Amino acid sequence: MAKIIAVGIQKGGDGKTTFACNLAMAAVEAGYKTALIDLDSQGNAGVTLSGNPDMHHIKESGAQQIYEVDDPVFAETDSGVFLLHGHSWLEEIDFREDVDLESLNLRSKVRNLPFDYVIIDTPPSSGPRQLAALFWSDLVIAPVKPQRFSIIGLGKLLQQIKLARRKNAGLAFRVVINQFISSSTEQNQFVTELHESLPSNIMKVFRSRVPVSDMLARGLPVWAYKKDKKLGQEWYEFCIEVLNLVK
Ligand SMILES: Nc1ncnc2c1ncn2[C@@H]1O[C@H](COP(=O)(O)OP(=O)(O)O)[C@@H](O)[C@H]1O
Ligand SMILES: [Mg+2]
């Protein structure tokens, strides 16, 4: 049975796609057969892993297959990650009749996909596709910037997790503080507050570092950046730690 990890927060730009792609690429590097399902209609993870800048305009072979066909066909990407990409038409899923019940019933199908790990990138808002990911997953990782609106987004995610746990009691939850700017007094305060309010959920604080976004823009993990081996190692080790949480 596949281990399923969702990356989510009710906020855009905090690092969902960055962590989803790095987690998936770390799993491949560690020798695991790995898939990424991009449930975000922006389709950034699919664009990143496929290297096709127009991937989010293509409906065929996208993540709607989970809902629409018995045996979804994943595309093999150069990164080694098998992909069900995201695109604008994924929003049609939200209007399916009894979609939350349908998502819940798809749980065993997703968990029986022929992979060791399935990483799910999710939309930046509450809704049927985020709830689906929470129903299917063993673990949800929330990347959060130490900023007010991100913390509000984290609160909304926590409400959805509470809801999802009624049907998926084993859903674990961890936070990674991301894009921390250490010179900001306000951000330092938020980091402290987050540690105080979620002492056992916060795994790590990652600073804002240009190579993280530069590598992702090229479809590569952070550890492909050879000029700062320590940075790459930090990201790879974190990803492995996350994968091991659900092993
Ligand atoms: N630690 C980091 N340092 C620098 N840039 C980052 C970091 N984490 C994410 N980014 C960049 O921030 C932007 C938003 O991240 P992204 O993963 O796309 O967020 P989301 O999927 O939650 O909307 C991207 O350009 C990404 O490369
Ligand atoms: Mg994204």
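Two residues are in contact if their C-beta atoms, placed from the backbone, lie within 7 Å. That criterion applies to the contacts described below for this predicted model. The chain has 247 residues, and its secondary structure comes to ten helices and eight strands. The radius of gyration is 17 Å, close to the 18 Å of the globule rule for 247 residues, so the chain is as compact as a globular protein of that length.

**Overall fold**

- Along the principal axes, the C-alpha atoms of the chain fill a box of roughly 50 × 40 × 30 Å.
- Buried residues make up 46% of the 247 in the chain.
- Taking contacts between residues at least 6 apart in sequence, 76% join residues at least 24 apart.

**Surroundings of ligand 1**

- Ligand 1 is surrounded by 17 residues, and the closest are Lys16, Thr17, Thr18, Val212 and Ser213.
- Helix H1 (16-29), strand S7 (172-180) and helix H9 (210-217) are the elements that give two or more residues to this shell.
- Sorted by class, the shell around ligand 1 holds ten polar, four nonpolar and three charged residues.

**Leu23 in helix H1**

- Helix H1, which contributes to the shell around ligand 1, also contains Leu23.
- A residue is buried if 20 or more other C-beta atoms lie within 10 Å of its own; Leu23 has 26 C-beta neighbours inside 10 Å and therefore counts as buried.
- Apart from neighbours within four places in sequence, Leu23 is in contact with Ile5, Ile119, Cys239, Val242 and Leu243.
- Leu23 and Trp235 are 212 residues apart in sequence, yet their C-alpha atoms are 9.1 Å apart in space.

**Packing of H1 against H10**

- The axes of H1 and helix H10 (residues 229-245) come within 9 Å of each other and cross at roughly 80°.
- Angles of 65 to 115 degrees count as roughly perpendicular, and H1 and H10 are therefore roughly perpendicular to each other.
- On the H1 side, the residues that meet H10 are Asn22, Leu23, Ala26 and Ala27.
- On the H10 side, the residues that meet H1 are Trp235, Tyr236, Cys239, Ile240, Val242 and Leu243.
- The residues of this contact between H1 and H10 divide into nine nonpolar and one polar, with no charged residue.

Definitions and conventions: Residues numbered from 1 in each chain as written. Chains lettered and ligands numbered in written order. Predicted model: local features only at pLDDT ≥ 70, side-chain atom pairs only at ≥ 80, totals over all residues. Helix = DSSP H or I, 4+ residues; strand = E, 2+ residues; numbered from the N terminus. Rg over C-alpha atoms; globule rule 2.2 N^0.38 Å. Buried ≥ 20, exposed ≤ 12 C-beta atoms within 10 Å, placed from the backbone. Near = placed C-beta within 6 Å. Nonpolar A, V, L, I, M, F, W, Y, C, P; charged D, E, K, R; others polar. Axes fitted to C-alpha atoms, helices over the stretch in contact; angles between N-to-C directions. Parallel < 35°, antiparallel > 145°, perpendicular 65-115°, else oblique.
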